[in-house]
Amino acid sequence: MARVRSAEEIRDLNTRYHDAAAPTYDAKWGIDFGPVGQGQVVGKLRKAMRANPAGYRRSLEIGAGTGYFSLNLLRAGIVQDATCTDISPGMVASLSSNARRLGLDVRTARADAESLPFADESFDLVLGHAVLHHVPNLPRAFAEFHRVLRSEGRIVFAGEPSLIGDRLAAVPKRTAATLAPIWRALWRAGVADGETADRSHHHGLEASVDIHAFSPGALASYARAAGFRGVSVRGEELLASWFGWFNRTLEATADPERVPMLWRRYAYGGYLLLQQLDSRVLEPRLPAAIFYNLLLTARKEVSSRS
Ligand SMILES: C[S@@+](CC[C@H](N)C(=O)[O-])C[C@H]1O[C@@H](n2cnc3c(N)ncnc32)[C@H](O)[C@@H]1O
C-alpha cells in the first residue's frame with residue numbers, strides 16, 4: 001500500500017520533480033507559443049466561460065510551469081499584465097527564458113498556491129492549468145485565490161484530471177503497453193538504454209505528485225466553500241485523450257531518437273483533429289464527468305461572503 005505523505009513532503013516532491021522536468025517540458029508536451037498554442041489556450045478559456053474571454057488587466061497564474069497559459073494569453077492580447085508563479089524554481093527559470101525569447105514582459109515569483117505573496121484584491125483574473133491536482137490543501141489554496149482577486153474578478157482553472165476520465169484513459173494506456181514491442185519492431189525503434197529503470201523511478205514520483213483527481217461536483221465545491229459564485233465545471237477531451245495516451249505510452253517505451261518524424265506528425269495531427277471532434281460534437285452533449293480534463297470557472301462577488 002502507498003505510504004501517506006505529509007503536505008510538506010508533497011510540496012517538496014513537486015518542487016524536485018518539476019525542477020527536473022523543466023528543461024525538457026516544452027518538448028515533451030509539445031507546448032507551443034504560436035497560433036496553435038494561443039488558439040488552444042483561448043479556446044479553453046472560452047469553453048470554461050461559455051463566451052469569448054473578455055480582456056483582463058492584471059492576471060495571476062498559479063503553477064504556471066514554462067508559461068503555456070500566461071505567455072499565450074499575453075500574445076493573444078487577452079491579458080495586459082501577467083504575474084506567473086510556481087513552486088518550482090526550475091519552472092520559473094524556464095518561463096522567464098521563454099518570455100525573454102518571445103519578447104514578453106512578465107512578473108515572476110516562486111510561490112506555493114496555498115500561500116500567495118500578494119496583497120488582497122490585486123488581480124482581475126486568477127488562473128491555472130493542470131495544477132490543482134498537485135496541491136495538498138485545496139481549501140487553503142481556494143481561500144488564497146479568493147483573497148487576491150478583486151470583487152467581480154474571475155478564476156479559471158483548466159486541465160484538471162477527472163476521476164472517471166482518468167480511469168477510462170487507463171484502457172488505452174494498458175493496451176499500448178501490451179502492443180509496444182510490436183510497435184517498436186514495426187518502426188525499428190529500439191528501447192533506450194536505461195529506459196526501464198528511469199521510467200519506473202519517474203512513474204513512482206509521478207504517482208506521488210499527482211494527488212487528486214476530481215468529480216465535477218467536488219471541484220465545484222472547493223470554489224463554493226471559498227465564497228465564489230457562478231461556479232461552473234465543464235469537461236473536455238475524450239477521444240483526443242485516448243488517442244494521445246495510446247501514442248504517448250508507445251513512444252515512452254522507445255529510444256526518443258529513433259521514433260520517426262512521420263509517426264510524430266501523425267500522432268500530433270491526429271490529436272489536434274480529435275480535439276476538434278471532442279469540442280464540437282461530444283463536449284456539448286455528454287456529461288462533464290466522463291471527459292479526461294475538467295475546467296472550472298467562478299466569480300468573486302462583492303456580496304459573496306455576506
Ligand atoms: C503539470 S505542471 C503544469 C504547468 C503549466 N501550468 C502547464 O500547463 O504547462 C504543474 C505545475 O504546478 C506546479 N506546482 C505543483 N505544486 C504546486 C503548488 N503547491 N503551488 C504552486 N505550484 C505548484 C509545478 O511545479 C508545475 O510547474
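How many of the eight residues of α4 are buried? Seven of the eight are, and α4 is mostly covered. The views below start from the whole chain and return to this helix.

The model is predicted: local features need pLDDT of at least 70, side-chain atom pairs count only at pLDDT 80 or more, and totals for chains, interfaces and linings use all residues. Residues are numbered from 1 along each chain as its sequence is written.

**View 1. Overall fold of the chain.**
The chain has 11 helices and seven strands. Helices (H or I, at least four residues) and strands (E, at least two) are DSSP runs, numbered from the N terminus. The C-alpha trace spans about 65 × 45 × 40 Å along its principal axes. A compact globule of 306 residues would have a radius of gyration near 19 Å, and the chain agrees, with 19 Å. That radius is taken over C-alpha atoms, and the globule rule is 2.2 Å times the number of residues to the power 0.38. Of the 306 residues, 38% count as buried. A residue is buried if 20 or more other C-beta atoms lie within 10 Å of its own, exposed if 12 or fewer, and partly exposed in between; C-beta atoms are placed from the backbone. Among contacts with a separation of 6 or more, 83% join residues 24 or more positions apart. Two residues are in contact if their C-beta atoms, placed from the backbone, lie within 7 Å.

**View 2. Helix α4 and its cover.**
The buried residues of α4 (68–75) are Y68, F69, S70, L71, N72, L73 and L74. What covers them includes α3, β1, β2 (79–86), α5 (89–102) and β4 (123–129). Just after α4, G77 takes a positive phi of about 80°.

**View 3. The shell around the ligand.**
The ligand is surrounded by 21 residues, and the closest are H18, G63, G65, S88 and A113. α1 gives the most, with three. By class, the shell has 10 nonpolar, eight polar and three charged residues. Here Ala, Val, Leu, Ile, Met, Phe, Trp, Tyr, Cys and Pro count as nonpolar, Asp, Glu, Lys and Arg as charged, and the others, Gly among them, as polar.

**View 4. The largest nonpolar core, around V126 and L149.**
This core holds 63 residues, of which V126, F145, I155, V156 and L296 touch the most other members. A nonpolar core is a set of buried Ala, Val, Leu, Ile, Met, Phe, Trp, Tyr and Cys residues joined through C-beta atoms within 7 Å. Leaving aside neighbours within four places in sequence, V126 is in contact with L60, I62, F145, V148, L149 and I155. L149 sits in strand β5. L149 is buried, with 23 other C-beta atoms within 10 Å. Not counting residues up to four places away in sequence, L149 touches E121, F123, V126, I155 and K300. L149 and E121 are 28 residues apart along the chain, yet their C-alpha atoms are separated by 4.5 Å.

**View 5. Helix α9 and its buried face.**
In α9 (residues 216–225), the buried residues are P216, L219, Y222 and A223. Seen down the helix axis, they fall within an arc of 130°, so they line one face of α9. The arc is that of the directions from the helix axis to the C-beta atoms. An α-helix has 3.6 residues a turn, so residues three or four places apart point the same way. The buried residues of α9 pack against α6 (138–148), β5 (149–161), β6 (229–236) and β7 (293–299). Just after α9, G227 takes a positive phi of about 110°.

Most residues other than glycine have a negative phi. R50 is not a glycine, but has a positive phi of about 55°. R50 is found in the loop between α3 (35–49) and β1 (56–62). R50 counts as exposed, with 9 C-beta neighbours inside 10 Å. E237 also has a positive phi, near 70°. E237 lies in the loop between β6 and α10 (239–252). E237 is buried, with 23 other C-beta atoms within 10 Å. P23 is found in the loop between α1 and α2 (25–29). With 14 C-beta neighbours inside 10 Å, P23 counts as partly exposed. The C-alpha atoms of P23 and G90, 67 residues apart along the chain, are separated by 7.8 Å.

Technical notes
Near = placed C-beta within 6 Å.
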